[in-house]
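The following note sets out several points on helix packing, core composition and individual residues. Please read it alongside the sequence and the model.

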Amino acid sequence: MSDGSATIRLGWPDVGERELAEVAEVLESGMLTMGPKVAEFEAEIARLCEVEHALAVTSGTAALHLAVLAAGLQPGDEVLVPAYTFPATANVVALAGLKPVLVDVDAETMNLDPSSIDVGPRTKLLLGVHLFGRPLRLHELPEGVPLLEDAAGALGARYRGRACGGLGIAGCLSFHPRKIVTTGEGGAVTTNDDAIAAAARELRNHGWRSLVPPDMPAPGLNYRLSDILCAVGIPQARRLDELLAERTRIAAAYTERLRDLPVQLPAADEGDVHGWQAYVVQVDDRDRVLAALRERGIEVQIGTYALHLLGAYRDQGSFPGAQRVFERALALPFHTRLSDDDLDRVAEALDNVVSHH
């Protein structure tokens, strides 16, 4: 495929015959939702995150929303959110009637900058993101503020030997097609806290505690994930180690090819395991580089968003770390179908574009 003209795609889910067979089984059973595949998928996810409970929901955003609601905060309570993240991280806080308080990020790790964290009297929760799969430095976080993990891109990542998604009061996963395990659209809440699990379980199914007799203590939402989509995720969850090994190999191959370029490369801290949801470099003059690579048939994308530059969160001041990373981060094509030729082509194009301004 690498004749120089074929587009090198940004992402490509690792799905095929096994997923098809699982979906066929669901279609034949007639149980398209609220059937056995949901529980089967949830058991796999709980195992991977090393937690008691995993609750499959319609998206990573739904997982965040349910986890924030299940945390039982009061209207107006403050939740710390990184200033550089996908907007959903802050949106769910605002939509739950709470106050998202932006915290700057470290321009190297792209994760929360602990020195920028200011705990106020109303700070009740820290929503920490393992951005692109790089584990957060938990040991640097303030004590006494519960951690809710946005582990949307961190399934398989490990902080000091412990699975991401099992490090805080709850974790939130995404199974979007650019994630290591995908269901198309989908997510999960992972937790060891029985009360959070019970609240999230009720809230994802309209608020029902029981149907017979009808018991609905509080209004809920419909965030259930169908058996069809859970079936797509089951074979991938079962081979997560294999998928992560392959992504780790591709990340290492990129690093090998790019290490002499004037480009900042991604990595995890010593002793941690990167989840490699994406391979995101930082480069000067990013917009020009992005346009030039796309012209060469290489699908690239910005990293994610600086929230303080968006209308919804513009009133919170300046965040130089988030600003810098937002302007420099570039996501390279990253999936298990990339050949050595593809990687060579991306590296050569990047070399060409950054070195010959």
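1. Leu244 is buried, its relative accessible area being 10%; buried means under 20% relative accessible area, exposed over 50% and partly exposed in between, with a 1.4 Å probe and protein chains only. Leu244 sits in helix α7. Not counting residues up to four places away in sequence, Leu244 touches Gly156, Ile180, Val273, His274, Gly275 and Trp276, where contact means heavy atoms within 4.5 Å. Between Leu244 and Leu10 there are 17 Å in space, C-alpha to C-alpha, and 234 residues in sequence.

2. On the basis of the note: this is a predicted model, in which local features need pLDDT of at least 70 and side-chain atom pairs count only at pLDDT 80 or more, while totals for chains, interfaces and linings use all residues. Residues are numbered from 1 along each chain as its sequence is written, and side-chain values use heavy atoms, with hydrogens and water left out.

3. The largest nonpolar core has 69 residues, and Ile45, Leu155, Tyr254, Leu330, Leu332 and Leu350 touch the most other members. Such a core is a set of buried Ala, Val, Leu, Ile, Met, Phe, Trp, Tyr and Cys residues joined through side-chain atoms within 4.5 Å. Helix α7 (residues 240-258) supplies the largest share of this core, eight residues. Another core, of 45 residues, lies apart from it and includes Ala70, Val92, Val189 and Ala197.

4. Ile45 has contacts with Ala54, Leu155, Leu173, Phe175, Ala188, Thr190 and Ala237, leaving out residues up to four places away in sequence. Ile45 also belongs to the contact between α2 and α6, in which Pro36, Lys37, Val38, Glu40, Phe41, Glu44, Ile45, Arg47 and Leu48 of α2 meet Asp227, Cys230, Ala231, Gly233, Ile234, Ala237 and Arg238 of α6. By class, this contact of α2 with α6 comprises nine nonpolar, one polar and six charged residues; Ala, Val, Leu, Ile, Met, Phe, Trp, Tyr, Cys and Pro count as nonpolar, Asp, Glu, Lys and Arg as charged, and the others, Gly among them, as polar.

5. How do the axes of helix α2 and helix α6 cross, and at roughly what angle? Those of α2 (residues 36-49) and α6 (residues 227-238) come within 8 Å and cross at roughly 35°, in a left-handed crossing. Axes are lines fitted to C-alpha atoms, for helices over the stretch in contact, and angles run from 0 to 180 degrees between N-to-C directions. A crossing is left-handed if the near helix is turned anticlockwise from the far one by less than a right angle, and right-handed if clockwise.

6. Glu22 lies in helix α1 (residues 17-29); helices are DSSP runs (H or I, at least four residues), as are strands (E, at least two), numbered from the N terminus. Glu22 counts as buried at 12% relative accessibility. Beyond its neighbours within four places in sequence, Glu22 is in contact with Lys37, Ala231, Ile234, Pro235 and Arg238.

7. Helix α3 and helix α5 (residues 194-203) pack at an angle of about 125°, their axes 9 Å apart. They are therefore oblique to each other. The contact is made by Leu66, Leu69 and Ala70 of α3 with Ile196, Ala199, Ala200 and Leu203 of α5. These divide into seven nonpolar, no polar and no charged residues. Angles under 35 degrees count as roughly parallel, over 145 as roughly antiparallel, 65 to 115 as roughly perpendicular and the rest as oblique.
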